[in-house]
Amino acid sequence: MIRGLCCAMLLLTSTSWSVPKGNDKDSIFQWANENFEQGDFEKASSSYRSLIDSGHISPDLFYNLGTSLYREGKAGEAMLWLRRAQLLDGNLPEAKQNTEFLRTRIAFLEFADDGFQLFLRGIPPGVFLWGGSLLVWLGLVSIALSFSLQRFRDNQTWWIALGIAFLMLSFVMHRLGQFRDSRVAPENFATVIVTDAVASTAPTPGSSTVIELPPGSEVRVLQVNGPWTYVDIPGNLRGWVRSESVEANWPLPEKTTPRNLDIPTEPVEIAE
Amino acid sequence: MALPKPPLLFLLTVLAILPITRPEARAQQPFQPTVSVTALSNRVAIGEIGVVMFKINGGDAQMPSKIAVEGLEVAFTGKESRVNMSQGVNTIQTIYSYRFRGNEPGTFTIPEIDILVGRTTVRSKALEVIIYERDESEAMDATRPIFGKLEMPKAEFYVNELLPFTVTGYVRGRNSLRDISHVKFEHENFVMKSFRNVRTEGGEIGNTYYSSAILPSTLFALQPGSFRLGPADIGIRVLDSGSGFGFSSFFSRTMIKDVATNTVNVTVKPLPNGAPLSYTGGVGKFKLAAVPSITKISVGDPISMKFVVTGTGNMQTMEAPRFSVAQTDIWKTYDASKKLEDEMDSDGYSEGAVEFSQVIIPEAKVDTIPPFELSYFDPSEEKYVTLKTDPIPIEVSADTAGTQSVMMERPESGSSPQNFPSSASKPTASYNDMLHIRTANPRWIATLDTKKKGVLFYLVQSVFSIAFFTLLGFGAVRWWKERELRATADGPRFRDLIKTIPGPGTTRREFYQSVSDALAAWKDEHPEAPDNILQVIDRVGEKCDAILYSGAGQPNAPLSRDEASEFRSILQKLPQK
């Protein structure tokens, strides 16, 4: 809360001609929208980012930030935030449409997920944990009942079979959860945010190029090794990219505001 | 008196000759090994395998694994020994086989070589072999059971011209050719497509039926000049005539035979000078179509041009079309990408298609996308042909609006009026710009940390674990109680009773009473025991009763050791639960 207020104060002090009417998140959001309408995309983007840095999460906020970044000429970062908006709301039509627009413009690389992977991605991660543990207990309780209570001992075979079925289902849930976490979950993916990114054959400056990665391209992070990141590239390719050229789709980094923002550090009194 | 002289002379002569003609004297001379060199055939076609044999009499020899002959590969393949008996003397003959193969025509000499046989060195004679070119007319040779043939439709063609050809394997007999295991056909000046299709046929060659497998492919030359193509090596899987136990179709075995085809001499002509600037490497006969991704844009917005080239010929060497006239400072162009899928490539007979995509950006306000040109060389006409697209009208402005893509195809010669579709087509979306931001108040999400387990998760786990362990404990207590109840209701068990039977020295009453109780328990525990065992039990029980209750059995007398062991042995033979 305090962080949010501080950020809001910083934003309020960053200009003398356009300030938010209040310091709540909705006011800052609307103020950022006004900046966008006036064509000051840089200011709009920094305002959206300040809300995100304050811990506010919203698909609309992410969508607006993506759109604003594109107007700034940062197509890679725009794609990243549009992806994040769709992670929060997979049916956000504006984000889908703008993604399609960027797809036609920059021809970035994307993984062709099959239906099964899309289905798994759509399931909240807690489902596998809850489902798996509940099924384990149901299986164990069914088997225990078949031995413990006379009423259940009459149909002991059926109860044991039911218990084994529950345990098997629990194993399947566990493996599906593992697969989702390691392959399908958004935490595994990153977006190329710079314009001149290339995947190299080795984590050394002079190594050969595997493929050029247009901004907005999607990669699967396999290993982060300091300034280099080893990634899985659409098209069954692998290569090393500079760590600063990619950013994970999820979770959000600690600070999303670029360091070179021109926001005053000293609080300034604001005249209404 | 002169008579004795002739016999003396004769004897002296005989004595003088004897040491020379005695067989013992001949046998003592050391045996001299010999070597002879022969070839199965001194005339072998290029690429085919010939065999040369070194026959050595007199034992094993040390032979080289390879014999160096310039232009000829000669390599050792194996040896075979046999013992010959001649005039009572055994000699060992060993045949060392070498295979040779030549890739150039000419006469080659396998040189004399020194061979160490035992401790003696012998020298073989030089052997001449001829490597000749088997041309297409000689390839169909009905005297050979298996052979291959390389066929080219023409012997003169241009650089980059796509030439279809076939490699065919022939095997004598119906259904004698099973399949083709491999084909090796390479030349550094030619790019050849891999053999993907096999067509099997059959027919008579010189009154003999042959099964054949035809492998079509294409090639094109990289440089002009005269070249000899082939021989191609074919691995043919044939029916092994020695297998099958007389049931050829069911138990038959196959084996792979390697054969070399004939060679073909070809002349590759250079492309004529004077190629247009828009010539990008295509040789054949083609058509060109161009499609812009959008036709209403702003200055600086990219248009993705899609070019589709269809036709017969070499599409692998072809590059993308270019502007007819240079568009410096009007249109910015990026490198085109090419998409040529194997299934869509021309095979020299049927038409193929190749796609090029190129991003172009208007840097000024223009009305049309200028014409693109693509030139190719037509080998049948022996001239360059230039294809040109029509100018494509576009609207370049600050405001953008959705429009449909336009497909235009221009035939090779002349122009035809545009055909419009007779019925309305469904409009498709165009993504010309980003949507505006969302201006309504956003939907804020409290948290997304769905992976965190939370108190509820642990609470549910606790409830289930308590329920499970309670049930387990309940079940365990129940089981223990049931076990005790069962033991009480059933009375003493046979297993326990035989342990309490007293030993020798106690009274007979005490002993027989215990035995009787044990037998009764056994009978209770085994209600369905076999009759013969029950009879034994009854007899032993009657004996116990007689001692205990008849009054004549001296029940108070001490039990003897023999008596105790006799009954104990009977009881121990009874099965226990």
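## Basis of the model

The model is predicted, and local features need pLDDT of at least 70 while side-chain atom pairs count only at pLDDT 80 or more, whereas totals for chains, interfaces and linings use all residues. Residues are numbered from 1 along each chain as its sequence is written, chains are lettered from A and ligands numbered from 1 in the order in which they are written, and side-chain values use heavy atoms, with hydrogens and water left out.

## The interface between chains A and B

In chain B, 35 residues are in contact with 50 residues of chain A, contact meaning heavy atoms within 4.5 Å. The two chains bury about 4200 Å² between them, with 64% of it on carbon and sulfur atoms; buried area here is the accessible area (1.4 Å probe) that two parts lose on being put together, summed over both. On the chain B side, B:Met434, B:Arg438 and B:Trp444 lose the most area to chain A, and together they account for 20% of what that side buries.

Seven salt bridges are counted between chain B and chain A, each being a side-chain nitrogen of Lys or Arg within 4 Å of a carboxyl oxygen of Asp or Glu. A salt bridge joins the side chains of B:Asp433 and A:Arg71, at 3.2 Å from N to O. The side of chain B that touches chain A consists of 19 nonpolar, eight polar and eight charged residues, where Ala, Val, Leu, Ile, Met, Phe, Trp, Tyr, Cys and Pro count as nonpolar, Asp, Glu, Lys and Arg as charged, and the others, Gly among them, as polar.

## Two helix pairs

Helices (H or I, at least four residues) and strands (E, at least two) are DSSP runs, numbered from the N terminus. Axes are lines fitted to C-alpha atoms, for helices over the stretch in contact, and angles run from 0 to 180 degrees between N-to-C directions; angles under 35 degrees count as roughly parallel, over 145 as roughly antiparallel, 65 to 115 as roughly perpendicular and the rest as oblique.

In chain B, the axes of helix α7 (residues 508-525) and helix α9 (residues 561-573) come within 12 Å and cross at roughly 5°, and the two helices are therefore roughly parallel to each other. From α7(B), B:Arg508, B:Phe511, B:Tyr512, B:Val515 and B:Leu519 meet B:Glu563, B:Ala564, B:Phe567 and B:Leu571 of α9(B). This contact has seven nonpolar, no polar and two charged residues.

In chain A, helix α7 (residues 115-122) packs against helix α10 (residues 156-184) at an angle of about 100°, with the axes 10 Å apart, which makes α7(A) roughly perpendicular to α10(A). A:Phe116, A:Gln117, A:Leu120 and A:Arg121 of α7(A) make the contact with A:Leu176, A:Phe179, A:Arg180 and A:Val184 of α10(A).

## Backbone features

Most residues other than glycine have a negative phi, and most peptide bonds are trans. The peptide bond from A:Trp250 to A:Pro251 is cis, with omega near 0°, and A:Pro251 lies in the segment after β7 (246-248) of chain A. In chain B, a cis peptide bond with omega of about 5° joins B:Gly230 and B:Pro231, and B:Pro231 lies in the loop between β19 (225-229) and β20 (233-239).

A:Ala107 has a positive phi, near 50°, in the loop between α6 (93-106) and α7 of chain A.
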